[in-house]
Amino acid sequence: MFFLPSLYRHPEFAKGARELAPQALGIAAWGLMTGVAMVKSGMSVFECVVMTLLVFAGSSQLAAIPLIIAGAPAWVILATGFCVNLRFVVFSLHLRPYLIHLPLWRRLGHGYMTADVSYVLFIKRFALPGTSPQDRLAQEAYLAGNDGLNWFSWVTFSLIGITLANGIPPAWGLGFAGILCLLGILCSLASSRMRVLSGLVAGAAAVAAYALPLKLNIVVAIAAAVILCLTVERVRGVK
Amino acid sequence: MTDWMNGTDLWTLAVIVAMAAVTVVTRCFFLISNADWQLPLWAQRGLQYAPIAALSAVVIPEVVMQQGELISTLQDARLYAAVVGAAVYFWRRDVLQTIVLGMAVYLPLHLGWGW
């Protein structure tokens, strides 16, 4: 949404971009590595570029790679991506009062562009939704500047990663950096004992059910973990 | 066909386009309709647990399994890289450092010792 003059001419746009800048290095590194991991998975360069430009969701891209290699059916890949992305559903609920006054295409544009880091920075900067039209425009401009730089560093460095990856021998195992990245995000989500339980149950179930065809072990593991956690909540009244 | 198109197939492209649709639907889930409505409570609670479950279900087998079997050796670079990576995350709260230090453990063990 960085292409709208009413947003990029607003002083909050530059502020949003400036506040993202310290994070941009990390986003660039993550993009670079996702680019390398995509090529190393055996996808064609064209497929990697299309994935970078359209999907724009590092964790779901990285999670899809081992499944695509294993020849998992499309619905398992999509269901996995959906579950990995469910945190965004929570973000969209939080962002709703900030954006719901906008026309549909602008709501969808901002929603699509807002990934983890931008969401966190935006919510930190604006604890409450704007009440006047000026406040709302300022918030929208900040979000657009923040998202815009985030998108730019992600896409640029993913494309650089795709270009470089062809020169790196597969035996080096650089694709493992993608797994470490997912591991870092996984640890960042471990914010309560119940979530840790969910992760442990899912990990164990995914290993135990590994022999299932079509990578169904992933779906079984997610279902087992969520059902178990909801049951524990109900029995113990844990929050 | 040029080199960069090599190995492109329609099935993978269709999956990629559908993944993009998943990005839009999840990131815009509560922005699509401006009518007042709410998720049932159990679904709202379930949202708390599904993302970590999905990541764990993908990551753990990639660390502890080899060719469909649970590994039976401790001479595997992935184990040490993952343990160090997780420890670094909880110490520094930074995904980038998790990747860099995890790979700093992984590469020497993997390339040097062949683990």
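Predicted model: local features only at pLDDT ≥ 70, side-chain atom pairs only at ≥ 80, totals over all residues.
1. Next, the secondary structure, which is quick to take in. Chain A has 12 helices and zero strands. If you follow the sequence, the pattern reads α-α-α-α-α-α-α-α-α-α-α-α.

2. How does the overall size fit the chain length? For 239 residues, a compact globule would have a radius of gyration near 18 Å, and chain A has 19 Å, so the two agree. The C-alpha trace of chain A spans about 55 × 55 × 30 Å along its principal axes. As for burial, 52% of the 239 residues in chain A are buried.

3. Domain 1 covers residues 5-171, and domain 2 covers residues 190-236. The C-alpha centres of domain 1 and domain 2 of chain A are 27 Å apart. Where the domains touch, domain 1 of chain A supplies eight residues to the contact and domain 2 of chain A supplies six residues.

4. Which helix gives the most to the side of domain 1 of chain A that touches domain 2 of chain A? That is helix α5 of chain A (residues 74-84), with four residues. By residue type, the side of domain 1 of chain A that touches domain 2 of chain A has seven nonpolar residues, one polar residue and no charged residues.

Note on methods:
Residues numbered from 1 in each chain as written. Chains lettered and ligands numbered in written order. Domains from an automatic or database assignment. Contact = placed C-beta atoms within 7 Å. Helix = DSSP H or I, 4+ residues; strand = E, 2+ residues; numbered from the N terminus. Nonpolar A, V, L, I, M, F, W, Y, C, P; charged D, E, K, R; others polar. Rg over C-alpha atoms; globule rule 2.2 N^0.38 Å. Buried ≥ 20, exposed ≤ 12 C-beta atoms within 10 Å, placed from the backbone.
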